[in-house]
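Here is a brief report on a single protein chain.

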Amino acid sequence: MDESGKRLLRRLIRRIPSQLLQTTLEKWGRLTEDQQQSLDCTQSKWTLTEKMLTMCEENDWTLKRITELEMIYIMDNPNQGMWHAYQLIDPQDDAHCVEVTQFNEQFKSHLRELLGHVSIKIKKHTDEAVWIRIAWGDSYSRPNHMKPTYVVHYLQTPYVYVTSLTSKQKPLLSQALVLSTRYQAIKDAYLSGRKLTAIRDLLMRQYQQVFPTKYPSTLAEENQISNPHINKEQDGNAANRLQLACEAFGNGTLPQLQSAVYKLETKFRDQTNKTMTEREEPFRCVVKFESTSLLESLKDCASSGFASTPVTPLLSSISLKGKNYFVITDNDPGASSQSRRPQN
C-alpha cells in the first residue's frame, strides 16, 4: 500500500469509535477470521492502527480497499459534517427510467470527461440510496483521498444531498448529476444541516404531517398539555393551539433539524430614528434559530402558548417548504428563498 493509503487508514481508525470498529470491520469483510479475532478493540487506537497497517501489508490491500472501509462507516453513520440539499429540475421524458447500473456508468463517464484526475466509488445503500464518494484531483495532481466529497441520491426522486464540496468542484458535480439523471438543471434547495436523515426526511416528507381539520379533539386527547400553570395563564383553547402547532410543524417524531437562518433585507421603520428610516439602502441583519431539535422546540412553543397561533409563515415555512434558509424582503412579507446561501 502506498503512503496515501496508509495515511487514510490511520485517520479512519482514529475516527471510528472503538465500540463501532469491530462491526464496521466485519461488514468490510476483508479480514480473515483469525485476523478478526486477533483484534482487541479495547486497546489504544495507536496499537490498533499499527496492527491494521501490518495486516495491510500481509493482505496486500490497496487504497481502493481502504476507501471501501471508509464508505461503510460513513453510510452507517451519516450524521456527520454539514450536508446541503439540492433539487434536480425539468426532467426529461425518460428520467424516471434511469436505474442504478446506468446511473453509475454515466456518472463516472461524465465526471471523468470533465476532470481527468478523479476517483469515484459508488455503492447502493439498503434504503435504495445511491452513495457516491469522490476524491478530487486536477490537471497536475492525483486525487486527494483525505478530503472526499460524499453525494447521496435517491433514484426516481429529484433530491441530492452533498457534503464537503467546494465552489470549484460544484459546477463539475452539477453537470455530471444532470447528465446522468436525465434532468435539465439542478438548483439549491436552501436546506442544510449536520443530520443527513433530518434534512432528507424534511425534504422528502418522511415524517407524520398533520393537515387542517375542524375537529382537533382527537389530536388533543393524544397529546395532553401537562402544565396547568401555563394553561391557566395563556388565552385560547389548548387543543386548538396544539392542532395549529402540529399543522405547522408535524406530529410524532419530527426531523431533527438543528438551525434555521433568516436574512433580513428590509426597510428600517422607526419614526423616532429618522437617520435610519430615511436611508435608501435596505436594513440588513441575520437572525438564526438553533436547537438540538428545532421543529420540536417551535412546536412546543406554539402548543404551550409561548408563541402565538396560527404560526407565522416565517416559521411554518421551514416544514411546509422544506427549507431552513430564507431571505426576507419588503417585496415579499413572507419567507422567500433567494439564490444565496450563508457561509458555513
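Buried means under 20% relative accessible area. The model is predicted. Phe103 is buried, and Phe107 is buried too. Both sit in helix H6, four residues apart, so about one helical turn separates them.

**Aromatic pairs**

The structure holds eight aromatic pairs. Two of them are tabulated here.

| Pair | Geometry | Centre to centre | Angle between planes |
|---|---|---|---|
| Trp83 and Trp131 | edge-to-face | 5.9 Å | 85° |
| Phe103 and Phe107 | stacked | 5.7 Å | 25° |

The tryptophan pair links distant parts of the chain: Trp83 lies in strand S1 (residues 83-91) and Trp131 in strand S3 (residues 129-136), 48 residues apart. Trp83 has 1% relative accessibility, so Trp83 counts as buried. Trp131 is buried as well, at 3%. Together with Tyr150, Trp83 and Trp131 form one aromatic cluster.

**Helix contact**

Helix H6 (residues 100-114) packs against helix H7 (residues 170-181) at about 145°, with the axes 9 Å apart. Their crossing is right-handed. On the H6 side, the contact includes Phe103, Phe107 and Leu111. On the H7 side, the residues include Leu173, Ala176 and Leu177. By class, the contact has nine nonpolar residues, five polar and no charged.

**Whole chain**

The chain has 14 helices and ten strands. Of its 344 residues, 45% are buried. Among contacts between residues at least 6 apart in sequence, 68% join residues at least 24 apart.

How values were computed: Residues are numbered from 1 along each chain as its sequence is written. This is a predicted model: local features need pLDDT of at least 70, side-chain atom pairs count only at pLDDT 80 or more; totals for chains, interfaces and linings use all residues. Side-chain values use heavy atoms; hydrogens and water are left out. Axes are lines fitted to C-alpha atoms, for helices over the stretch in contact, and angles run from 0 to 180 degrees between N-to-C directions. Helices (H or I, at least four residues) and strands (E, at least two) are DSSP runs, numbered from the N terminus. A crossing is left-handed if the near helix is turned anticlockwise from the far one by less than a right angle, and right-handed if clockwise. Contact means heavy atoms within 4.5 Å. Ala, Val, Leu, Ile, Met, Phe, Trp, Tyr, Cys and Pro count as nonpolar, Asp, Glu, Lys and Arg as charged, and the others, Gly among them, as polar. Buried means under 20% relative accessible area, exposed over 50%, partly exposed in between (1.4 Å probe, protein chains only). Rings of Phe, Tyr and Trp (its six-membered ring) pair if their centres lie within 6.5 Å; planes under 30 degrees apart count as stacked, over 60 as edge-to-face and the rest as tilted.
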